[in-house]
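Hi,

Here is the structure I said I would pass on. Have a look at it first, and then read my notes below.

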Amino acid sequence: MTVLLRASLLSALTFVLVGCNVLPLLAPGSDEAPEAAAEQLYPEIIGVQLVARGDRVYDVVVSITSPYDTPERYADGWRVLDSEGNVLGTHTLLHDHANEQPFTRTQPGLEIPEGVTEITVEGRDLVNGYGGGTLSIDVPE
């Protein structure tokens, strides 16, 4: 009797939630509703790592996501900024990553000037340019 009651309650709750459109429909393998991906104007930077290669020279390892990636519109790069907004370097991505979301790429050999203690990475969209969620990290001493 307890199993039957639990199953009935679960069915009723599912009907109420789905029937009232409380639960968004998700794209396969996605955490967000399809309309949210369609509205997203820029890629999101979700991870940044600096790998020391020499005196103030680093490889910048960037994880990025752009759920709308297609050959017509995709995350086509990023830029690295200091805390004053000066561009320290840029990286270009030459194709979409529709089948690899999120993805990670490396910008090798970025020289970070003395006195810069923090960098910010900002993504770029092929159609809309720079913008979206950035990520800032401290430069190792």
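**Contacts and overall make-up**

Among contacts in the protein between residues at least 6 apart in sequence, 59% join residues at least 24 apart. Please keep in mind that this is a predicted model.

As for secondary structure, the protein has two helices and eight strands. Read from the N terminus, the order is α-α-β-β-β-β-β-β-β-β. The protein has 141 residues, and 35% of them count as buried. Its accessible surface comes to about 8,800 Å², with 56% of that belonging to carbon and sulfur atoms.

One thing to pick out by eye is an open sheet of three strands, which come in the order 1-2-5 with antiparallel pairing. Strand 1 (44-54) and strand 5 (103-111) are at the edges and have a single partner strand each, so one side of each has no neighbour in the sheet. On average, neighbouring strands here are turned by 20 degrees against each other, if you ignore direction.

A handy place to start is G54, whose bridge partner in strand 2 is V57.

**A buried serine**

Next, go to the loop between strand 2 and strand 3 (75-82), where you will find S66. Is S66 buried or exposed? S66 has a relative accessible area of 0%, so it is buried. Which residues is S66 in contact with, leaving aside its neighbours within four places in sequence? They are P43, A75 and Q101.

**Salt bridges**

How many salt bridges does a search of the whole structure find? It turns up five, and I'll go through some of them here. The general idea is that side chains of opposite charge can pair when their charged atoms come close.

- D59 and R53: their side chains meet in a salt bridge at 2.7 Å, N to O. D59 counts as buried, with 11% relative accessibility, whereas R53 counts as exposed, at 55%.
- R73 and D125: here the side chains meet at 3.0 Å, N to O. R73 is in the loop between strand 2 and strand 3, while D125 is in strand 6 (residues 118-125), so this pair ties together parts that lie 52 residues apart in sequence. Both ends count as buried: R73 has 17% relative accessibility, and D125 has 1%.
- E100 and R105: the closest N and O atoms of this salt bridge are 2.9 Å apart. E100 is partly exposed, with a relative accessible area of 33%, and R105 is partly exposed too, with 25%.

**Where to look**

If you have just a few minutes, I would go to these places:

- the open three-strand sheet in the order 1-2-5;
- S66, buried in its loop;
- the salt bridge between R73 and D125, which links the loop between strand 2 and strand 3 to strand 6.

Happy to go through any of this with you.

Cheers

How values were computed
Residues are numbered from 1 along each chain as its sequence is written. This is a predicted model: local features need pLDDT of at least 70, side-chain atom pairs count only at pLDDT 80 or more; totals for chains, interfaces and linings use all residues. Side-chain values use heavy atoms; hydrogens and water are left out. Two strands pair if DSSP finds at least two bridges between them. Helices (H or I, at least four residues) and strands (E, at least two) are DSSP runs, numbered from the N terminus. Axes are lines fitted to C-alpha atoms, for helices over the stretch in contact, and angles run from 0 to 180 degrees between N-to-C directions. Buried means under 20% relative accessible area, exposed over 50%, partly exposed in between (1.4 Å probe, protein chains only). Contact means heavy atoms within 4.5 Å. Accessible areas come from the Shrake-Rupley method with a 1.4 Å probe; for residues, only the protein chains shown count as cover. A salt bridge is a side-chain nitrogen of Lys or Arg within 4 Å of a carboxyl oxygen of Asp or Glu.
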